[in-house]
Protein chains: 2
Amino acid sequence: MTATRDEIFKTLADPTRRAIFERLCREGEKTVSVLTTGAGVSQPVVSKHLASLKRAGLVRDRADGRQTHYSADYAALAPLIDWAHEMTGFWEKKFDALEDLLNRMDQ
Amino acid sequence: MTATRDEIFKTLADPTRRAIFERLCREGEKTVSVLTTGAGVSQPVVSKHLASLKRAGLVRDRADGRQTHYSADYAALAPLIDWAHEMTGFWEKKFDALEDLLNRMDQ
DNA sequence: CTCATTCATAGCCATCCGGTTATACGTCAA
DNA sequence: TTGACGTATAACCGGATGGCTATGAATGAG
């Protein structure tokens, strides 16, 4: 369930897979056949990528007769955003420390 | 120079490489030999990862005698953050659209 | 029932990639 | 100059992975 940061990064690293996820984000719920048109790869490949995305918690699937509807799970991006903000946060800390130092030197 | 989003994702996908970047973010500038201690891999591997990070614009290097100092370039994370926010943004738009629809049905 | 449709899985292959050791290159010390 | 040190590169290897085709499984249509 709780996808690791590593899984999320690895899953989004592939351009084809990221494009599928991006399309689900932009256009909402889509079936596999619809996603296959315009994906540039065969249907089995799309299914495999969707399975990866699901494993990483990035998409949900909903069975409906013989077709499966996939949709993006936006909340799954939170760990990625948090990590990035944490990393840039270290920079701000250093900047603050420098500022403090300069202020102290000023006095 | 301007690293593509794909390069950034691919570069950060590897755990070892991401750990090196993370350490540079947390602890600031470090030499290759220092980074090698605790990296869990050999020095050539660290050098190769640093070259990848540099290619993606995630780190800078500074030559100093026979050692090379590497440091994180925090600004390089911006495309990643922007992309993630854009993706979640589509969700908010849909939410707003739903809200609008409900409001209109209410009238 | 029969056949088409939709999707997932299996099996295969080529390529990529992260790891290794060996080595070359440049720099500082003696 | 000689040798030790720090780093980058070369050559190589095994495993992971993204693509394909073929096929199976389940459902809907006729």
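Of the atoms of DNA strand D that come within 4 Å of the protein, 66% belong to sugar and phosphate.

This model is predicted: local features need pLDDT of at least 70, side-chain atom pairs count only at pLDDT 80 or more, and totals for chains, interfaces and linings use all residues. Side-chain values use heavy atoms, without hydrogens and water; residues are numbered from 1 along each chain as its sequence is written, with chains lettered from A and ligands numbered from 1 in the order written.

Start at the DNA. By class, the surface near DNA strand D has 10 polar, 6 nonpolar and 5 charged residues. Nonpolar here means Ala, Val, Leu, Ile, Met, Phe, Trp, Tyr, Cys and Pro; charged means Asp, Glu, Lys and Arg; the others, Gly among them, are polar. Both chains contribute. Helices H2 (15–27) and H4 (43–55) of chain A each supply at least two residues, as do helix H3 (32–36), helix H4 (43–55) and strand S3 (67–72) of chain B. H4(A) gives the most, with 4 residues. Helices (H or I, at least four residues) and strands (E, at least two) are DSSP runs, numbered from the N terminus.

Now the polar contacts, pairs of N or O atoms within 3.5 Å. A polar side-chain atom of A:Thr16 sits 3.0 Å from a phosphate oxygen of DNA strand D. B:Val32 approaches a phosphate oxygen with a backbone N or O atom, at 3.2 Å. A:Lys48 reaches a base oxygen: an N or O atom of its side chain is 3.0 Å away.

Turn to the sheet of chain A. Its 3 strands are open and antiparallel, in the order S1-S3-S2. Two strands pair if DSSP finds at least two bridges between them. S1 (30–31) and S2 (59–64) are the edge strands, each pairing on one side only. S2(A) is joined to S3(A) (residues 67–72) by 6 bridges. A:Asp64 stands opposite A:Gln67 in S3(A). H2(A) packs on the sheet and touches S1, S2 and S3 of chain A. Contact means heavy atoms within 4.5 Å.

Technical notes
A residue is near a molecule or strand if one of its heavy atoms lies within 4 Å of it. A polar contact is a pair of N or O atoms within 3.5 Å; within protein, one must be able to donate a hydrogen and the other to accept it, and residues adjacent in sequence count only if both atoms are side-chain atoms. Axes are lines fitted to C-alpha atoms, for helices over the stretch in contact, and angles run from 0 to 180 degrees between N-to-C directions.
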